[in-house]
Amino acid sequence: MKVAVVVQRYGQAINGGAELHARYIAEHLARHAQVEVWTTCATDYVTWRNALKSGEERVNNVPVRRFPVKHERDPLTFGRLSEKVFHRTHSVADELDWLEAEGPTSPGLVSHITKHAGEFDFCIFFSYRYYHAFHGARAAGTKAILVPTAERDPAAGLSIFAPIFRGVRALMYNSPEERAMIQGIAGNAHVPSVVVGVGSEIPANPQPQRFRQKYNIRGPFAVYVGRIDENKGCRELFSHFNAYLRDRVGKLTLVLIGNSILDIPAHPRIRHLGFLDDADKFDAIAASELLIMPSFFESLSMVALEAWALGKPVLANAQCDVLKGQCIRSNAGLYYESASEFAETLRAIEFNKWIAGTLGKNGRQYYRDNYDWPVIERKYLDMLQRLSSGTAPDGFEPLPGWMDRRKATCPPAAEVVAAAPGGPSSAPEMTVPRPMGPMSPPLPTRPPAATERSRPVAPPRSTQPSSGRRPQGRNRRSSQGAGAGR
Amino acid sequence: MPDFNVRSDAVNVEQIMEQIRSRIREKRGADYTEAQIQELASVKLEKFLDPRGVRSDLLEQFRRTQPPYAPPELPNFAFEAQTLFESTRGPLRFMRKLLLPILKLFFNPNPLIQALNIQSTLNASAAEREAKRDAARYAFDQLHYEVMHNLVLETTRLGIDVKNVKMRLESLASRLEFNERRARALESVVAYKPADEGKPEGRREETRREDTRREDNRRDEPRRDDSRRQERQERRAAEQQSRPAPPAAAPSITPAPAVPVVAEVPDVTAANAEDGAPAQADAPTDGPGQRSRRRRRRRGRRGSGSAAALMAGGQPSDATDDEGGAEGEINESTPDQLADAASGDGRAARPEPLEHIVGAQAHPAKAAASDPAAAPVGPPAPVAAPSESSEPEQPQADPAATPEP
C-alpha cells in the first residue's frame, strides 16, 4: 500500500501541533506501508517563507518531497479578508481569496498531487484550513483522507470547507468534540470517520531530578509547555496564577517552557525556561505536580497527552471543549472557568495527593487505552483497510460558477461556528483492543489501479455501511468511530 | 485545605468539580461567572446611589429636536372688486375698464366678486383659527411630555429608592444572620467550668478573702481560744447575773430590716414554748442545703477545734467552734461580708449568728441569747438577712444553738 502524507510544513525541527502530528503518523505508518510526504519549503507558519530547498530528501527514513511557496503571506490583506469572511456576509470568491492569502500557496504541490495521486492508494491531508488541503484534496479526488485538526475557530465555518468535509473519503478526527462540530457544520455524518488523535514518543525513564538540578528548580511546580502567547490563554493563566499566589496558601511555582511572544510577569515563582528539547521537556513534566493547559482552542493537546502518559494530572481551561471533554472522559484532569476555580482546582491537586495520584493514574490508563501508538496505528490501518475494501463515493461537489462565486450569500463564519454544537462530549471514546503481541501485519499490496473501481464491493466489516450517503443531519453522532469499533 | 469527600481510587472529575464549585459558592455566596463578575464590577454605581441626583435631559432633548412653532402658511387669495380686471399691463387694464359696461350688459359680476371676497375672508379667519389651535396643541404636547418626563424621573427615583431599601434590608438580614450564627458558634464554644470559675469576680474575691480569713483563724486559733475562753467565762458570769432580765432586748441587736422577721420567730417559738412541745416538732423542715451546711458544721465541731478546746479547758464544742461560734463569727465579720449581707447575698449573708440568734429565741431556754448583756458581743448586721430569718431553725438539732448548761 502506498500512502502520501500531505502537510503544510514538515521536518524534525518543526514542532507545530499538526505538523508534528503528521510526522508521527507518517513515521509510524511507514512501518506498515510505503509512505511519502509532500509538503512545502516553508518553516514559518506566519510568513510561509521558503526556507528549505525544494526537491526530495529523507527525514527519519521517510521520503519527503518539498514544493516552493508561490508568495508569502501579506498580514494586512489576510487580516482584512479574515475580518470580512469571519464577521460579515460575503461571497465564495472572498473565501477563496482568504484561502489564497492565508497560504501556503503552492501550486506546484497541487499540480504534483493532481499528477501523482493516482499512483497512491490514499493521500492523507493534514489541517483542513490551508491551501494545500483545500486544493490538494480536490486534486486527489476519492483518494483524499482528511485529518482536519480543527479547532473551534471561525475558519471552520467558511462555506468552502463544507464540501471538503463531505467529499473526502474519510475523516480522522482528533476528538469527539471536533467531530461533533464538523458534522454540525458540514452535515457529513455519512463520511466514514474515526476519532484517532495521535500518540507521542514518551521516554521510558524520564529524569526529573536531572531537570531540577539542571534548571535549579526546587519545590513543587506546575508546568506549562507551549508557545507563550495570548491566543494560547497565557495572559489569563498569568492573571489566575497571580491570584493564586496572592492567597499565600499554595507553594507551587509556575514553570513555563516554550518561546514567548508575551510579557511574562516578573515573580520569583514564575520561571520561564525558554524552548527546551524533548528530553528536558519530558523530564520537566515528570518532575512537575501537574500540567496546566490554558488554551481556549485545541483540536488535541499533545502535551496534555504526554503529561497523562507520564502519570501527571492536567488542569485545563474549561472554555476549550476538547480539553474539558478529555478531562471528563479520562477522569484524569480538572478544569477551570474562572480565577477562583483555577485557584481551587490547583490547590485541590496540590494538597490532596491522592487526587493528584489517582488523576495521574487515570491519565496513564487513558493514554494507554486511546493514544498509545499501537492503538493509533491500529485505528489508521483499520480505516485504510476498510476504505480499500469499500467503494469510493462520488467525489467533491463542484465549486460554484463564476457568477455564483461572487454573490454575497455566505453568512459570517463566526456565526456558523457559534451555531454548531458545542460542549464537551461525555460519551466514552470508542477504543480498539490494545494489540498484545506484535503489530498488525502490513497492509496488503495495492491492487492494480485499473481494477480498483471494478472490484466488487466487499461485505462491510462493521454493522454500519461504509459508503453511501445518508440524509444529512440524521444520526450524526451514531457514526462516530465506525471504523474503530470492533 | 479541607479534604474532599470523594475517597476512592475511581475519582469522578465532575464530582470533584462540583465540590470545588460548591465550596467557591459557599465562600462567595453566589455563583457568578467571571464574566458576570467583570460586568458587575464595570457598572458605574455612583449615578444610581443617590436617587435625588437622578437627572434626565429628556426634556431638553425633546425641545432641541422640536423646532419652534410656526403657523402654517395656508394658500389663500385676496378678492376685491377690481381683482377681475387687474393686469400688469396698462393698456390692457384700460381696455378692460373701458369695456366693463359692455360686460355688465351680459351679466352682473358683482355677486360673484362679493362671494369670492367673502370666501377669501373666511379662508383667512379659518387659517388663523387653525394656527391658534395648532399652537395650543403644541403647547399641550410639550406639557404632556414634561409631565411624562417628570413621571419617568420620579418612577426611576422610586425604583432606585426601593432598590436601596431592599439592599439595606438584605444587608441587615445578612448582618442579623451573621450575628445569630456568631451567637450559636459562641454557645457551642462555651465549655463546662467549675462553679468557682463561673462565679463573678466579686464572689471569687470574697471566697479568696474567706480562705485567707480561715487560714488566719487557724493560725490564731490557740490565742483566740484563750481569749474566747476568757470572754466566755466573763459572759457566763454576766449571764448569771442578768438572767432574770426580760428578753425585750432582742430587737436591739438586730438591725432595722431584720426586725419584723426576728419579731415573727419569737412568736412561733413562744407558742411552742407555751405548749411545752419542743420547737423542733412544729418548725417547718429546712431545705437540704441548710441541713448539709449544718452537718458540715457539726463535723467541723467534732473535729480538731472542739477536741483542742476540750483538751484546753473542757468547754463545750460550740465554745471552740472556729466557724460556727456566734460570738467569734460576729466578731470576725469583715466589712465585705457585712456589705454582702446587706446586699442580700444569701450565702455570704448566712453566717452562724443568725442561727444562733434564731435558735436561741426558738428554744425556750434560750432567752439568754437575747440578753442585753450579749448585745455588745458583736455587730448584728449579718443577722438581718431576711432570707435567713424567714427560715425557722431547729434548735434541738443544732448543737451549736443549744444553750450551754
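Here is a short chat about a predicted model with chains A and B.

Trainee: Hi! Which strands make up the eight-stranded sheet in chain A, and in what order?
Mentor: The order is β3-β4-β2-β1-β5-β6-β7-β8, in an open sheet with mixed pairing. At the edges stand β3 (55–59) and β8 (193–195), each pairing on one side only. Neighbouring strands are turned by 20° against each other on average, direction ignored.

Trainee: How do β1 and β2 of chain A run, and how many bridges join them?
Mentor: They run parallel, with five bridges between β1 (residues 2–6) and β2 (residues 34–40) of chain A. For one bridge you can look up, A:Val3 has A:Val35 as its partner in β2(A).

Trainee: What about helices on that sheet?
Mentor: Two to look at. Helix α1 (residues 17–29) of chain A lies across β1, β2, β4 (62–67) and β5 (122–126), at about 165° to β1(A). Helix α4 (residues 107–116) of chain A also packs on the sheet, touching β1, β2, β4 and β5, and its direction makes about 150° with that of β2(A).

Trainee: Changing topic: what's the order of the six-stranded sheet in chain A?
Mentor: That open sheet goes β11-β10-β9-β12-β13-β14, with parallel pairing. β11 (270–274) and β14 (333–336) each have a single partner strand, so one side of each is left without a neighbour in the sheet. The twist averages 25° from one strand to the next.

Trainee: Which helix lies across β14(A)?
Mentor: Helix α13 (residues 339–351) of chain A does, and it also lies across β9, β12 and β13 (314–317). It runs at about 160° to β14(A).

Trainee: And which residue is the bridge partner of A:Val223?
Mentor: A:Leu291 in β12(A). Strands β9 (residues 221–225) and β12 (residues 290–293) of chain A pair in the parallel sense over two bridges. A:Leu291 also touches residues including A:Val225, A:Ile285, A:Val303 and A:Val314.

Trainee: Which residues touch the most other members of the largest nonpolar core?
Mentor: A:Leu291 again, along with A:Val5, A:Cys123, A:Leu146 and A:Val314, in a core of 149 residues. Domain 1 (2–199 + 372–479) and domain 2 (208–370) of chain A each give at least three residues to this core.

Trainee: How do α11(A) and α14(A) cross?
Mentor: Their axes come within 7 Å and cross at roughly 115°, for α11 (residues 302–309) and α14 (residues 353–370) of chain A. A:Leu305, A:Ala307, A:Trp308 and A:Ala309 meet A:Gly363, A:Arg364, A:Tyr366 and A:Tyr367 there. The contact divides into six nonpolar, one polar and one charged residue.

Trainee: Last one: what is chain B made of, and how does it touch chain A?
Mentor: Chain B has 17 helices and zero strands, and 19% of its 405 residues are buried. The contact takes 16 residues from chain B and 20 from chain A. Helix α1 (residues 13–28) of chain B gives the most to its side, with eight residues. That side divides into eight nonpolar, two polar and six charged residues.

Notes:
Residues numbered from 1 in each chain as written. Chains lettered and ligands numbered in written order. Predicted model: local features only at pLDDT ≥ 70, side-chain atom pairs only at ≥ 80, totals over all residues. Helix = DSSP H or I, 4+ residues; strand = E, 2+ residues; numbered from the N terminus. Buried ≥ 20, exposed ≤ 12 C-beta atoms within 10 Å, placed from the backbone. Core = buried A, V, L, I, M, F, W, Y, C linked by C-beta atoms within 7 Å. Domains from an automatic or database assignment. Contact = placed C-beta atoms within 7 Å. Pairing = 2+ DSSP bridges. Axes fitted to C-alpha atoms, helices over the stretch in contact; angles between N-to-C directions. Nonpolar A, V, L, I, M, F, W, Y, C, P; charged D, E, K, R; others polar. Lists of a residue's contacts leave out its neighbours within four places in sequence.
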